[in-house]
Amino acid sequence: MADEETEETEASAAADGALELTDHDGVLALRLSGGEVIPRAIPVLDESGKLLAVYTAGPPVPPAAGSAPDVLAERSVVELR
């Protein structure tokens, strides 16, 4: 059983990609490179390491028939205190 867990961990590590915060026409986006897997939860820390937020991954939502909303144009600003 331990061998199966080791193989699964190694396979997962090989498929993990790197996330890079990029600017896409003035909208921040995460770009995945070098893999196919992203973390389920992405913590956001301030400079001192304090947890500010956690982003949760989910499947992309396909546009409704007859419309194609630009999800990158929709922004939410959260004031940190």
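Guide: Start with one term: contact means heavy atoms within 4.5 Å. Among contacts in the protein between residues at least 6 apart in sequence, 12% join residues at least 24 apart.

Visitor: What makes a residue count here, and how are residues numbered?

Guide: Residues are numbered from 1 along each chain as its sequence is written, and side-chain values use heavy atoms, with hydrogens and water left out. The model is predicted, so local features need pLDDT of at least 70 and side-chain atom pairs count only at pLDDT 80 or more, while totals for chains, interfaces and linings use all residues.

Visitor: What is the mean pLDDT of the protein?

Guide: pLDDT is the predictor's confidence in each residue, from 0 to 100. The mean for the protein is 75. Of its residues, 58% reach 70 or more.

Visitor: Which elements have the lowest and the highest mean pLDDT?

Guide: Helix α1 (residues 2-15) has the lowest, at 53. Strand β4 has the highest, at 94.

Visitor: What makes a stretch a helix or a strand?

Guide: Both are DSSP runs, numbered from the N terminus: helices are H or I with at least four residues, strands are E with at least two. The protein has 1 helix and 4 strands. From the N terminus on, the order is α-β-β-β-β.

Visitor: How do you know that β1 and β2 pair?

Guide: Two strands pair if DSSP finds at least two bridges between them. Strand β1 (residues 18-24) and strand β2 (residues 27-33) are joined by 7 bridges. They therefore count as paired. The two run antiparallel. Opposite L19 stands L32 in β2, and opposite T22 stands A29 in β2.

Visitor: What makes β3 and β4 a pair?

Guide: Strand β3 (residues 41-45) and β4 share 5 bridges, in the antiparallel sense. V44 stands opposite A53 in β4. The hairpin of β3 and β4 has 5 residues between the strands. There, G49 takes a positive phi near 95 degrees.

Visitor: Which residue takes a positive phi in the hairpin of β1 and β2?

Guide: D25 does, in a hairpin with 2 residues between the strands. Its phi is about 55 degrees, although D25 is not a glycine. D25 lies in the loop between β1 and β2.

Visitor: Why is D25 called exposed?

Guide: Buried means under 20% relative accessible area, exposed over 50%, and partly exposed in between (1.4 Å probe, protein chains only). D25 has 72%, so D25 is exposed.

Visitor: Why is T22 called buried?

Guide: T22 has 14% relative accessibility, so T22 falls under the 20% limit. T22 is found in strand β1. Not counting residues up to four places away in sequence, T22 touches V27, L28, A29 and R31.

Visitor: Why is A18 called partly exposed?

Guide: A18 has a relative accessible area of 43%, so A18 sits between the 20% and 50% limits. A18 lies in strand β1. Leaving aside neighbours within four places in sequence, A18 is in contact with R31, L32 and S33. The C-alpha atoms of A18 and E36 are separated by 9.3 Å, with the two residues 18 apart along the chain.

Visitor: Why does β4 lie largely in the open?

Guide: Strand β4 (residues 51-56) has 6 residues, and the number buried is 0, so β4 lies largely in the open. Of the 81 residues of the protein, 4% count as buried.

Visitor: How is accessible surface worked out, and what does the protein's come to?

Guide: Accessible areas come from the Shrake-Rupley method with a 1.4 Å probe; for residues, only the protein chains shown count as cover. The protein's comes to about 7,400 Å². Carbon and sulfur atoms hold 55% of that.

Visitor: Which strand gives the most to the nonpolar patch?

Guide: β2 does, with 3 residues. β1 and β2 each supply at least two.
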